[in-house]
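Hello,

Here is the structure we discussed, handed over for your own look. My notes on it follow below.

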Amino acid sequence: SKTRRSFSDQLNNLVKRYRKVDEDFFEELEDLLIESDVGVTTVMDLVEKLKDESRTRNIKDTEELKEVIAEVLSEFLTRDETETQLNMNPEGLSVFLMVGVNGAGKTTTIGKLAGRLKNQGKSVLLAAADTFRAGAIDQLQVWGDRAGVDVIRHQEGSDPASVIFDAIKAAKSRKTDVLLCDTAGRLQNKVNLMKELEKIKRVIEREVPGAPQEVLLVLDATTGQNALNQAKLFRQASDVTGIVLTKLDGTAKGGIVLGVRHELNIPVKLIGLGEKMNDLQTFDADAFIYGLFSELFSDDNHAEA
Amino acid sequence: MAFESLADRLQATMKKIRGKGKVSEADVKQMAREVRLALLEADVNFKVVKSFVKRIQERAVGQDVLKSLTPGQQVIKVVQEELTELMGGEQTRLNLALKPPTVILFVGLQGAGKTTSAAKLANYIRKMHNKKPLMIAADIYRPAAIKQLQTLGSQLSIPVFSLGDQINPVEIVRQGLEQASADHNDLVMIDTAGRLHVDDALMDELEQIKAVSHPDEIFLVVDAMTGQDAVNVANTFNERLDLTGVIMTKLDGDTRGGAALSIRSVTGKPIKFVGMGEKMDALEPFHPDRMASRILGMGDVLSLIEKA
Ligand SMILES: Nc1nc2c(ncn2[C@@H]2O[C@H](COP(=O)(O)OP(=O)(O)OP(=O)(O)O)[C@@H](O)[C@H]2O)c(=O)[nH]1
Ligand SMILES: Nc1nc2c(ncn2[C@@H]2O[C@H](COP(=O)(O)OP(=O)(O)OP(=O)(O)O)[C@@H](O)[C@H]2O)c(=O)[nH]1
Ligand SMILES: [Mg+2]
Ligand SMILES: [Mg+2]
């Protein structure tokens, strides 16, 4: 697995190589961010901001700019300390809805989250509201068994909103703390499927006042600029409250969440680092920013394409 | 998409330039910037973008673009030509074995669409080439992966070979091929577990599966929404397995799909099919020219050039 050296270590390297804050320095920084899927628009805004800062503070030395980069980047990602916390109903049932495109990691994240919540002493129930994809219900059942929590399930092909309805009923009568609702993967440009999602959310709102406490959009870290469209349209349909960024155990950096934060102001709450029960962590902006820079100085990285 | 199409932007740039009466090298540079931006917004890898834009610029400066009466269209034409060329020019065909069975191996990252594509392609080849397929369930890791393949198999009435999830995938594939020959299946699809290209143990497993199954096609299945990392993924899979092609999934979405260009240009391997939905008939042969236009957001480019 990757060794996580501190972000400041990496920045140290960057500034040592360049010393002077010049166009070359900014160009390499730009490439680096683009390579991490941050997105051209956000990169240009970011670098513009850095150039401004270095001008107004009269920074000539990259050493001094270091602080500014860390500052500006983390400002892009975090607004306040508590925003990664999952919103819970202190007196009764909390409902979390998992949404996202096909194959992003919704079902897996629910499994991991069920395990985590159970470890915290909460009672958990799962709703198998992906009634569409082949094997989806059984997949969730395996995760439920692993975590030791029950799954409310209907037959494949049945109405997802009615699964949710039944699951809420079960959760209420069992005095469950948290109900985690799986949904079928859907591409955000599929109008009918997005309507179905709206309907699911309405059922939750109607049956449990104040719910859902969280609507988590699951984004695959290997996704490029399309993640912005995903965030926009899923928010429109379901008032997304946070992002789960999965598959960060690969080589993709997931830089698109900077753009998602910058343009849509949706915070990242959790990250996925593998396929096992324990591979779920609370998002840490500093560690993430480090990740963006981790390969800057490997030699082959800037060899000719 | 939130962005104007490249064609629109190039036209606008050219209009401004035309006001000055003459196209200079600096103007070509400006156009190159537009092309760069469009490609990056479409998720084409930044290194691929760099070399591509350089080539465009050279061609534009070296050729008659500067002297042309319609430099905007000329540049677009150059871009379109270069891009289609890069995407592989002509369509490529499926590689069917002369001596049956034809064996097709599906590999790729987690959630890319391997299982779905394996079933779709089995269905497609059965129809187009009148084959009798068998699907081998060699993913023993993902929860309910076997169930998923079996469900798709029963929807399509295609048999699935499975030994459960307690037997080594290499052994499963070996026995599956024996079964295929006993049952006279002349087409065998092997569904493997999703894995990271940096996972040595699991990449090793794929090499062993390849060694026992001698596939006629090894398809890397890639999500069309993949960003900059596509080159790393494709490179590693290609180095380890010597891919024969790529299947790009989820193109029914609104992504530009620049990964297609990155992958093609770093591996040289053709994209053979695209996934256009979750249903079993949502699979199409790949069209390089359409993909080129999609990446650049210039669906109307060809008609534009024709008018010029
Ligand atoms: N390496 C890695 N793999 C992951 C992670 N999260 C999920 N996966 C894998 O990604 C694949 C898809 O995950 P799912 O949980 O089925 O995704 P989904 O969003 O529910 O998919 P659909 O229901 O088909 O839309 C599975 O093989 C998972 O094991 C992660 O953080 N890291
Ligand atoms: N919209 C759309 N969805 C697709 C397409 N191809 C696959 N999917 C969906 O993407 C998700 C993942 O597909 P799978 O076939 O399970 O992917 P996989 O690569 O086998 O996943 P793992 O085995 O977990 O690595 C499922 O929800 C599929 O229905 C496509 O072309 N379009
Ligand atoms: Mg799922
Ligand atoms: Mg699969």
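**A buried glycine in chain A**

Gly242(A) is buried, with a relative accessible area of 0%. Please keep in mind throughout that this is a predicted model. The residue Gly242(A) belongs to strand β6 of chain A, which covers residues 242-246. Apart from neighbours within four places in sequence, the contacts of Gly242(A) are Val215(A), Leu216(A), Leu217(A), Ile266(A), Pro267(A) and Lys269(A). Between Gly242(A) and Asp45(A) there are 197 residues in sequence and 23 Å in space, taken from C-alpha to C-alpha.

**The site of ligand 2**

Ligand 2 is surrounded by 24 residues, and the closest are Gly113(B), Lys114(B), Thr115(B), Thr116(B) and Arg142(B). Which chains contribute to the site? Residues from both A and B surround ligand 2, so the site is shared between chains. Helix α5 of chain B (residues 114-129) supplies the largest share of the shell, 4 residues. Sorted by class, the shell around ligand 2 consists of 12 polar, 8 charged and 4 nonpolar residues.

- Thr116(B): an N or O atom of the side chain is 2.5 Å from an oxygen atom of ligand 2.
- Gly111(B): a polar backbone atom is 2.9 Å from an oxygen atom of ligand 2.
- Gly275(B): a polar backbone atom is 3.2 Å from an oxygen atom of ligand 2.

On its own, ligand 2 has 660 Å² of accessible area, and the protein covers 96% of that.

**Asn102(A) and chain B**

Gly111(B) also turns up among the contacts of Asn102(A). Asn102(A) sits in the loop between β1 and α5 (106-119) of chain A. Is Asn102(A) buried or exposed? With a relative accessible area of 13%, Asn102(A) is buried, because the cut-off for buried is under 20%. The side chain of Asn102(A) makes a polar contact of 3.0 Å with the side chain of Glu278(B). Neighbours within four places in sequence aside, Asn102(A) is in contact with Gly185(A), Arg186(A) and Leu187(A) in chain A, and with Gly111(B), Lys250(B) and Glu278(B) in chain B.

**Salt bridges**

Over all chains, the count of salt bridges comes to 29. Several of them are described here.

Arg55(A) is exposed, at a relative accessible area of 55%, whereas Asp52(A) is partly exposed, at 38%.

Across the sequence of chain A: Arg261(A) and Glu83(A) form a salt bridge in which the closest N and O atoms are 2.6 Å apart. Why does this pair tie together parts that are 178 residues apart in sequence? Arg261(A) is in helix α10 (residues 256-264) of chain A, while Glu83(A) is in the loop between α4 (62-77) and β1 (94-99) of chain A, so the bridge links these two parts. Both Arg261(A) and Glu83(A) are buried.

Between chains: Asp138(A) and Lys147(B) meet through their side chains in a salt bridge of 2.9 Å, N to O. This pair runs from helix α6 of chain A (residues 136-147), where Asp138(A) lies, to helix α6 of chain B (residues 145-156), where Lys147(B) lies. Asp138(A) counts as partly exposed, at 22% relative accessibility, and Lys147(B) likewise counts as partly exposed, at 36%.

Within chain B: a network of salt bridges links Arg55(B), Arg59(B), Glu81(B) and Glu82(B).

**Chain B as a whole**

Chain B contains 12 helices and 8 strands. Of the 308 residues in chain B, 59% are buried. Among the contacts in chain B with a separation of 6 or more, 78% are between residues 24 or more positions apart. The accessible surface of chain B is about 12,500 Å², and carbon and sulfur atoms account for 50% of it.

Regards

Terms used
Residues numbered from 1 in each chain as written. Chains lettered and ligands numbered in written order. Predicted model: local features only at pLDDT ≥ 70, side-chain atom pairs only at ≥ 80, totals over all residues. Heavy atoms only, no water. Near = heavy atom within 4 Å. Polar contact = N/O pair within 3.5 Å; in protein donor to acceptor, adjacent residues only side chain to side chain. Areas by Shrake-Rupley, 256 points an atom, 1.4 Å probe, with all protein chains shown as cover. Nonpolar A, V, L, I, M, F, W, Y, C, P; charged D, E, K, R; others polar. Buried < 20%, exposed > 50% of the residue type's maximum accessible area, 1.4 Å probe, protein only. Contact = heavy atoms within 4.5 Å. Salt bridge = Lys/Arg side-chain N within 4 Å of Asp/Glu carboxyl O.
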